[in-house]
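Here is a friendly briefing to read alongside the model. Please have the sequence and the 3D view at hand.

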Amino acid sequence: MPTLVHEYDWPDRVVVGTVGMPGSRTFYLQARAGTRTTSVALEKEQSAVLADTIQRLLDELMEQPDNRYSVPADVPDELIDDDPLDLPVEEEFRTGSMRLAWDPRTAQVVVEAFPLVDDDEELDPEADEPEPAESLLVRMPVGTARAFAQRTRAVVRAGRPTCPRCGGPVDPDGHECVLPDEA
């Protein structure tokens, strides 16, 4: 069966956002073009790594001697997006693996997300990995990618505060420190 690809080339919007309260949030990568929206669930750590890797990629491109891609050092004001996720948030799949690439022909950052694969899924005898039933493919220009990384980092940091003593998350209903020397 062919893979259903949710493809967004120059999307109107691409963001990471959350649903739920800190401590029990679900992270989503959401892309929109016109009236079509796709949302895939991510882990908090996946979101953080994606933002950091995009930031590092853009910084490396910017440091090239001629910066021929016009990579901005900061997020252009008109690209800042602090709005919540588009509703309703309908999860297409939970993300397992992701791939990040740079397309020099179009000067776009390319993000691909693939569904989490169950260990029980049978492998195609001709391939090493099962063919995913669907995937998300987003191509975004450098300014949008810079804004995406900045917003994603802010969303990740907006969770529960950390305890200054033990570094663990502090829940709204309290927190009990377990220091390493007490364990």
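Which residue in E5 is the bridge partner of Ser-39? The partner is Glu-91. This is a predicted model, where local features need pLDDT of at least 70, side-chain atom pairs count only at pLDDT 80 or more, and totals for chains, interfaces and linings use all residues. Residues are numbered from 1 along each chain as its sequence is written, and side-chain values use heavy atoms, leaving out hydrogens and water.

**The sheet**
- An open sheet of mixed pairing is built from 7 strands, ordered E1-E7-E6-E5-E4-E3-E2; strands are DSSP runs of E with at least two residues, helices runs of H or I with at least four, numbered from the N terminus.
- Strands pair if DSSP finds at least two bridges between them; E1 (4-9) and E2 (13-19) are the edge strands, each pairing on one side only.
- E4 (residues 36-42) and E5 (residues 91-103) run parallel and are joined by 2 bridges.

**The helices**
- H1 (residues 44-62) lies across E2, E3, E4, E5, E6 and E7, at about 15° to E5; axes are lines fitted to C-alpha atoms, for helices over the stretch in contact, and angles run from 0 to 180 degrees between N-to-C directions.
- H2 (residues 142-157) packs on the sheet and touches E2, E3, E5, E6 and E7, contact meaning heavy atoms within 4.5 Å.

**The core**
- The largest nonpolar core has 30 residues, and Leu-136 and Phe-148 are among those with the most contacts inside it; such a core is a set of buried Ala, Val, Leu, Ile, Met, Phe, Trp, Tyr and Cys residues joined through side-chain atoms within 4.5 Å, buried being under 20% relative accessible area with a 1.4 Å probe, protein chains only.

Conventions. Buried means under 20% relative accessible area, exposed over 50%, partly exposed in between (1.4 Å probe, protein chains only).
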